[in-house]
Amino acid sequence: MKIALLQGGLGQEAEVSRNTGKAFEKALVALNYDYVVIEADDNLIPKLISEKPDCALIALHGKYAEDGTVQGICEYLKIPYTGSGLLASALAMDKLRTKEVLSFYDIPTPKFAVFRRGEDDLESFDCSIKAPCVVKPVREGSSVGISIVDEQKDFKAALELASRYDRHVLIEEKVSGPECTVSVVKDQAFTPIEIRPKQGFYDYKNKYTKGATNYLLPPELSDEKIRELKDLALKVFKILDLHHYARIDFMMHNGSPYFIEANTLPGCTETSLLPQAAAHDGVDFNQLIDGLIKNARLDYEGVV
Ligand SMILES: Nc1ncnc2c1ncn2[C@@H]1O[C@H](COP(=O)(O)OP(=O)(O)O)[C@@H](O)[C@H]1O
Ligand SMILES: [Mg+2]
């Protein structure tokens, strides 16, 4: 069995992806898999055609990767791939559509509005959500293009920034926290991790600078709240039709969990959140990666 480890990619998270790739490669060596590392650049498709792997191990994040694009390529080339299918990936990448779908199922999520570049006018846009709010590109990751707007005078600049990264901008009511993320693998939700940046919110710098954020595992929450978070994460996982693994972010608001977003290709170095939560609950990194590979599939598998 030959594995193609896909890393890099065309989005803002290419560097982050190479770190995940390195960690995956170490696991592939330890697990004795035959593998090839493929840089997911403009030539991804010809590379996949010539390598003919039995499985694509996706170490990519964000645009062109977490959003169904690479999944679509793999579906067309009939190469089983790790993680969620095309539609689930595309849906979870789109924070607006995800919130709309989850609202239908009464999953609590902060109140929201949308700004559509090219349709809504930046000068006259009258948003139903006022500061304090959070302004984010609908499809991005690693906090790229996100602003916390505490004063209304900063709202327009935040809209401008976010709309550089996507056509649609999500404006969300700011909730207080604490922030908690729940890692799901197969049918199991691992112990949540509480995220406490030392300064400000969980932005790019606080995500990737060593020591900038405190992580609490287990979180400082009652057993009952932890169970509530885990149950909610499993519910979201099922509603979005995610496959095998994901990391689902919540913020506590007046003591109850509110859904923020689902990450279908979460950061996966050994010190990343999902592997940490797995290790805490007894699943080591190599086991985790082996599980990804063994559960790789095509969305259309088993149908005519
Ligand atoms: N509604 C909100 N209220 C308060 N903080 C938020 C809210 N939404 C996001 N944040 C903060 O911004 C960070 C990034 O937002 P998120 O939606 O998870 O985007 P990304 O996909 O870039 O990780 C979160 O981890 C959290 O710290
Ligand atoms: Mg996030």
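**View 1. Division of the chain into domains.** In this predicted model, the chain is split into three parts: domain 1 covers residues 2-83, domain 2 is made of 91-108 + 176-282, and domain 3 covers 112-173. The centres of domain 1 and domain 3, taken over C-alpha atoms, lie 32 Å apart. Where these two domains touch, domain 1 contributes 4 residues and domain 3 contributes 6 residues.

**View 2. Buried area between domain 1 and domain 3.** About 410 Å² is buried between the two domains, and carbon and sulfur atoms account for 43% of it.

View 3. The salt bridge is formed by the side chains of K63 and E140, with an N to O distance of 2.7 Å. The side of domain 1 that touches domain 3 consists of 1 nonpolar, 1 polar and 2 charged residues.

**View 4. Surroundings of ligand 1.** There are 22 residues around ligand 1, and the nearest of them are K95, K136, S143, E179 and K207. Of these nearest residues, K136 belongs to domain 3 and E179 to domain 2.

**View 5. Side-chain approaches to ligand 1 oxygen atoms.** A polar side-chain atom of E179 is 2.3 Å from an oxygen atom of ligand 1. For K136, an N or O atom of the side chain is 2.6 Å from a ligand 1 oxygen atom. In E261, a side-chain N or O atom lies 2.9 Å from an oxygen atom of ligand 1. On its own, ligand 1 has 540 Å² of accessible area, and the protein covers 97% of this.

Note on methods
Residues numbered from 1 in each chain as written. Chains lettered and ligands numbered in written order. Predicted model: local features only at pLDDT ≥ 70, side-chain atom pairs only at ≥ 80, totals over all residues. Heavy atoms only, no water. Domains from an automatic or database assignment. Contact = heavy atoms within 4.5 Å. Buried area = accessible area lost by both parts, 1.4 Å probe. Salt bridge = Lys/Arg side-chain N within 4 Å of Asp/Glu carboxyl O. Nonpolar A, V, L, I, M, F, W, Y, C, P; charged D, E, K, R; others polar. Near = heavy atom within 4 Å. Polar contact = N/O pair within 3.5 Å; in protein donor to acceptor, adjacent residues only side chain to side chain. Areas by Shrake-Rupley, 256 points an atom, 1.4 Å probe, with all protein chains shown as cover.
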